[in-house]
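Reader: I would like to learn how to read this structure feature by feature. Could you walk me through it?

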Protein chains: 2
Amino acid sequence: LKKIAISVGDLNGIGIELILKNHHLISNKCEPIYCIDKDMLEICANRLNVDIPEGMILENINSDSFDIQPGTISIKSGIYSFKSFQKAIHLADTKNVDYILTMPIHKKAWSDASILYKGHTDYLSFVYNKKAIMMLGCEEMYVALFSDHIPLKDVSNTIKYEDLKEFLLLFYENINEKNIAVLGVNPHSGDNGVIGFEDNIIQQAIDDVNKILGENTFVGTIVPDVAFTKSNRQKYKYFIAMYHDQGLGPLKTLYFDESINVSLGLPIKRVSVDHGCAFDIAYNNNIVKNSKSYLNALEYVLYR
Amino acid sequence: LKKIAISVGDLNGIGIELILKNHHLISNKCEPIYCIDKDMLEICANRLNVDIPEGMILENINSDSFDIQPGTISIKSGIYSFKSFQKAIHLADTKNVDYILTMPIHKKAWSDASILYKGHTDYLSFVYNKKAIMMLGCEEMYVALFSDHIPLKDVSNTIKYEDLKEFLLLFYENINEKNIAVLGVNPHSGDNGVIGFEDNIIQQAIDDVNKILGENTFVGTIVPDVAFTKSNRQKYKYFIAMYHDQGLGPLKTLYFDESINVSLGLPIKRVSVDHGCAFDIAYNNNIVKNSKSYLNALEYVLYR
């Protein structure tokens, strides 16, 4: 069975409920190792009014326990979620697990706790001193983002030939699939140069990477607004979007509940649910319908 | 019956086939007036090997006929499509019709023919000296674009308080609906100011316009990548996107075949199919499955 370190995320959110209620189900398929102290887990379980399932393997955080305040931004909870994440990374670094799976943290709780990193991906980039490729999706389609959490006005400046080439090659190395769709960046992919010039740079990068690989692995540039029509989704499973909302808008329109988040190109393998800590429904014991992303994240791990 | 002037679009494309094959169907519901000369219509019908339906009302263009070359960019065809469009506008200006419906033109054919306007909307803006609001969609959802055919790098610069206010008020005036969703512009609508500042400007415009209208007509800013999830589509029918692909990506992902294009805020009323001239399938007599957008455009006219 694959070993998976699971960081618990912000304990004032829905992560711990997902963990407790799905442990029995997932422990048949993998060996989950939960990065949480026993006393903290007990506090959460009490609050949820559920028993702790038998056979849960815990990895100590050795951090102070705190009272759960469902749906509340808290420094203590922010720190705990960060330490849990660090522990999961450590387990992967030391080859004690094959994969890490992260539950959602709250970005404001991290920043209130003076944690300098914006989120999981940002911290991973710091730890390994390289930028991870963020890929989201589900078995029906995956979207990798060439740029992610930056203001829209900065997107076009990221379109640089060498960076694109490097990105495409790294993506191919990690995914090893053919027939990957690459989107343009301007409306109509620039309409033959009439609307911006950046699409020509993307085209050049695609052509040259295909030459390096010796086959037409990457297809594009695909006109962004029609990239995800049904007929294109039948042709392609992997899409590369130039920016956050270009790829995630269509993805979440189609597969909001099912999607997961994968970090590619790092020394360790990480997968995550594709939702936040859902403070509005935390600890209301009504999570079953929202387990899709968590279970899909596990499925992804099992078959890679 | 409503009178509708129909411009024929680029005759080397699929527009004329849509017209000929659907005339019988639509003439029960409205009074279509086709902006084409009889001899030119005969050339097209011959090429398609179909009879000209009885009772078609034509409006003379008085332009030279030319040989049809299916799927070919041609100056003559570009000029003809422009003149047909001008005639339709004239009929609306002189109150001879209630609405105009435009078949797709070919932008390169226009530019080859030294027609200075990029397309229909651009010409309409010139004629009436005001910018039309471009709205696309179908009965399930409509998306209006605050900015349209501009390079992505220029989008953030268009986010100006006064322009947004004016746009929202004009949109409301034309649509007269409540509960209109307005998207932010940056990822996560700026994440409380962490990713760009423009979303605050949009928020201010929304709040102030709602105050002017005396009710919360506009809702937002809505986080762009989750704006079109199923639950939001149940809440809202009209969406305002800040830029082309933000709105049209999700729309075309869901409703590629069904969508139409409406010009709002002009002295005349115009609707259009939401596809190009489809040179790849022109004159292959296989258009039936592609009539959705045309027929939906007509339905839109009939019920407004």
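Reader: Let's start with burial: what percentage of the 304 residues in chain A do buried residues make up?

Author: Buried residues account for 58% of the 304 residues in chain A. Please keep in mind throughout that this is a predicted model.

Reader: What is the overall build of chain A, in terms of helices and strands?

Author: Chain A has eleven helices and eleven strands. Its radius of gyration is 20 Å, close to the 19 Å that the globule rule gives for 304 residues, so chain A is as compact as a globular protein of that length. Along the principal axes, the C-alpha atoms of chain A fill a box of roughly 60 × 40 × 35 Å.

Reader: How should I read the nonpolar core, and which residues have the most contacts inside the largest one?

Author: The general idea is that in soluble globular proteins, nonpolar side chains tend to be buried together. In this model the largest nonpolar core has 176 residues, and those with the most contacts inside it are A:Ile16, A:Phe171 and A:Tyr294, along with B:Ile16, B:Phe171 and B:Tyr294.

Reader: Taking one of them, which residues does A:Tyr294 touch?

Author: Leaving aside residues up to four places away in sequence, A:Tyr294 touches A:Ile6, A:Leu18, A:Ile19, A:Asn22, A:Ile26, A:Tyr34, A:Leu101, A:Met103 and A:Val273.

Reader: Now the sheet in chain B: in what order do the strands lie?

Author: Eleven strands of chain B make an open sheet with mixed pairing, in the order β3-β2-β1-β4-β11-β10-β5-β6-β9-β7-β8. At the edges stand β3 (57-58) and β8 (218-222) of chain B, each with a single partner strand, so one side of each is left without a neighbour in the sheet.

Reader: Which strands pair with β9 of chain B, and in what sense?

Author: Strand β6 (residues 141-145) of chain B is joined to β9(B) by four bridges, and the two run parallel. Within that pairing, B:Val143 has B:Phe239 as its bridge partner. Strand β7 (residues 180-183) of chain B also pairs with β9(B) in the parallel sense, over two bridges, and B:Val182 stands opposite B:Ile240.

Reader: Are the faces of that strand covered or open?

Author: Both faces of β9 (residues 238-241) of chain B are covered. B:Tyr238 and B:Ile240 are buried on one side, and B:Phe239 and B:Ala241 are buried on the other.

Reader: Where can I find an antiparallel pair?

Author: Look at β10 (residues 260-264) and β11 (residues 270-273) of chain B, which pair in the antiparallel sense over four bridges. There, B:Ser263 has B:Arg270 in β11(B) as its bridge partner.

Reader: Finally, how do I read salt bridges, and how many does a search of the whole structure find?

Author: Side chains of opposite charge can pair when their charged atoms come close. The search finds 24 salt bridges over all chains. Take A:Glu42 and A:Lys38, whose closest N and O atoms are 3.1 Å apart. Both lie in helix α2 (residues 38-48) of chain A, four residues apart, about one turn of the helix. A:Glu42 counts as partly exposed at 33% relative accessibility, whereas A:Lys38 is exposed at 51%.

Reader: Which salt bridge crosses between chains, and are its partners buried or exposed?

Author: One is formed by the side chains of A:Lys252 and B:Asp225, at 3.2 Å from N to O. The pair crosses from helix α10 (residues 244-255) of chain A to the loop between β8 and α9 (230-235) of chain B. A:Lys252 is buried, with a relative accessible area of 10%, and B:Asp225 is buried too, at 2%.

Reader: And where is a pair that links distant parts of one chain?

Author: B:Lys29 and B:Glu299 form a salt bridge with their closest N and O atoms 2.8 Å apart. B:Lys29 is in the loop between α1 (15-26) and β2 (31-35) of chain B, while B:Glu299 is in helix α11 (residues 292-302) of chain B, 270 residues apart. B:Lys29 is partly exposed at 41% relative accessibility, and B:Glu299 is partly exposed at 27%.

Methods
Residues are numbered from 1 along each chain as its sequence is written. Chains are lettered from A and ligands numbered from 1 in the order in which they are written. This is a predicted model: local features need pLDDT of at least 70, side-chain atom pairs count only at pLDDT 80 or more; totals for chains, interfaces and linings use all residues. Side-chain values use heavy atoms; hydrogens and water are left out. Two strands pair if DSSP finds at least two bridges between them. A nonpolar core is a set of buried Ala, Val, Leu, Ile, Met, Phe, Trp, Tyr and Cys residues joined through side-chain atoms within 4.5 Å. Buried means under 20% relative accessible area, exposed over 50%, partly exposed in between (1.4 Å probe, protein chains only). Contact means heavy atoms within 4.5 Å. A salt bridge is a side-chain nitrogen of Lys or Arg within 4 Å of a carboxyl oxygen of Asp or Glu. The radius of gyration is taken over C-alpha atoms; the globule rule is 2.2 Å times the number of residues to the power 0.38.
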